[in-house]
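Hi,

Here is the structure I promised to pass on. My notes on it follow below.

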Amino acid sequence: MHARVAAATTAALLGGTVLILPTSSAHAAADDRGPAVVAHRGASAYAPENTLAAVDKADDLGFGWVENDVQRTKDGVLVVLHDATLTRTTNVEEVYPGRAPWKVADFTAREISRLDAGSWFAPRYAGARVPTLSQYMNRVSRNHQKLVLEIKNPELYPGIERQTLQVLSNEGWLDPGHLRSRLIVQSFRPDSVRKVHDLRPGVKTALLGTPSIADLPEYARFADQINPSYTSISVGYVAAVHAFRGPHGNPLEVLTWTVDDADTARRVARYDVDGVITNRPDVVRRALRGY
């Protein structure tokens with residue numbers, strides 16, 4: 001499980017391309033007891049995703065790490081929602097029937113605050129709201145949790161990186177303690193990750209996806225993690241990522257998503273990932289006991 005030198009050599013040969021990889025004897029593990037378990041959109045198998053209820057459910061289950069998604073409203077307020085539209089997780093079509101296609105960017109924060117973001121999941125969550133990022137951060141702080149924050153669709157929201165960092169700063173999340181161990185900002189867009197790093201170099205950043213090994217030297221200039229889907233990784237790929245050092249001088253880390261069953265959790269743990277992002281954190285935690 002920890003034979004990284006040989007695995008990195010194998011990974012470097014993938015696709016017939018020979019790379020000289022930097023070596024490292026250890027990496028900055030997300031959790032010294034094994035892979036960190038991150039509750040995806042909160043404990044989203046048990047409460048409506050990206051709501052305060054999902055954050056609280058993760059806390060009730062004993063999980064310190066949660067993940068969320070950030071979009072921006074018409075009037076420039078950051079809200080916590082995965083999709084660029086409101087249709088899947090709210091009753092927007094009922095409340096505002098004539099405003100298709102119901103994009104987040106076409107509604108003000110006040111209008112979105114009227115929506116029910118819980119009934120779609122279960123009747124007991126009727127009345128749950130789409131939280132603003134500030135409201136969400138207040139709840140995460142109250143629960144003493146840690147956060148993996150994803151900037152969604154940055155191409156739709158110019159300047160969202162700076163605005164996200166401003167909200168984090170306003171909520172006290174850019175102090176040395178949070179930067180050291182409680183916050184990761186990620187995106188699928190390399191330019192967005194680079195912008196976060198350039199604006200606040202102390203923030204730990206992550207690039208979502210499975211970039212080629214040949215591109216890792218460039219991404220290691222501004223990303224501390226490479227966070228791929230579990231369907232796209234191997235022991236060799238994870239070792240190759242670990243062999244590079246990120247902008248803070250530590251080996252790149254890997255958080256893989258979205259793992260919801262015990263067999264897959266154990267398989268990716270054998271790949272030596274640093275963390276597992278999951279809708280079912282309790283299932284993954286039980287599977288990883290002993291790793």
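Where is the place of Val 235? Val 235 sits in helix H10, which covers residues 235-242. Helices here are DSSP runs of H or I with at least four residues, strands are E runs of at least two, and both are numbered from the N terminus. Val 235 is partly exposed, because its relative accessible area is 42% (buried is under 20%, exposed over 50%, partly exposed in between, with a 1.4 Å probe and protein chains only). Its C-alpha atom is 7.2 Å from that of Asp 272, 37 residues apart along the chain.

Before you read on: this is a predicted model, where local features need pLDDT of at least 70, side-chain atom pairs count only at pLDDT 80 or more, and totals for chains, interfaces and linings use all residues. Residues are numbered from 1 along each chain as its sequence is written, and side-chain values use heavy atoms, with hydrogens and water left out.

Now the whole chain. There are 12 helices and nine strands, and 54% of the 291 residues count as buried. Of the contacts (heavy atoms within 4.5 Å) with a separation of 6 or more, 62% are between residues 24 or more positions apart.

One more thing, the inside: the search of the whole structure gave one cavity of 30 Å³ or more. A cavity is a set of points on a 1 Å grid over the protein atoms alone where a 1.4 Å probe fits but cannot get out. The lining residues (an atom within 4 Å of a point) include Glu 49, His 82, Trp 120 and Arg 129.

Cheers

Definitions and conventions: On a 1 Å grid over the protein atoms alone, a cavity is a set of points where a 1.4 Å probe fits but cannot get out, and a pocket is an open set with protein on both sides within 12 Å along at least five of seven lines; lining residues have an atom within 4 Å of a point. Grid points are joined across faces, edges and corners, and a volume is the space filled by probe spheres set on the points.
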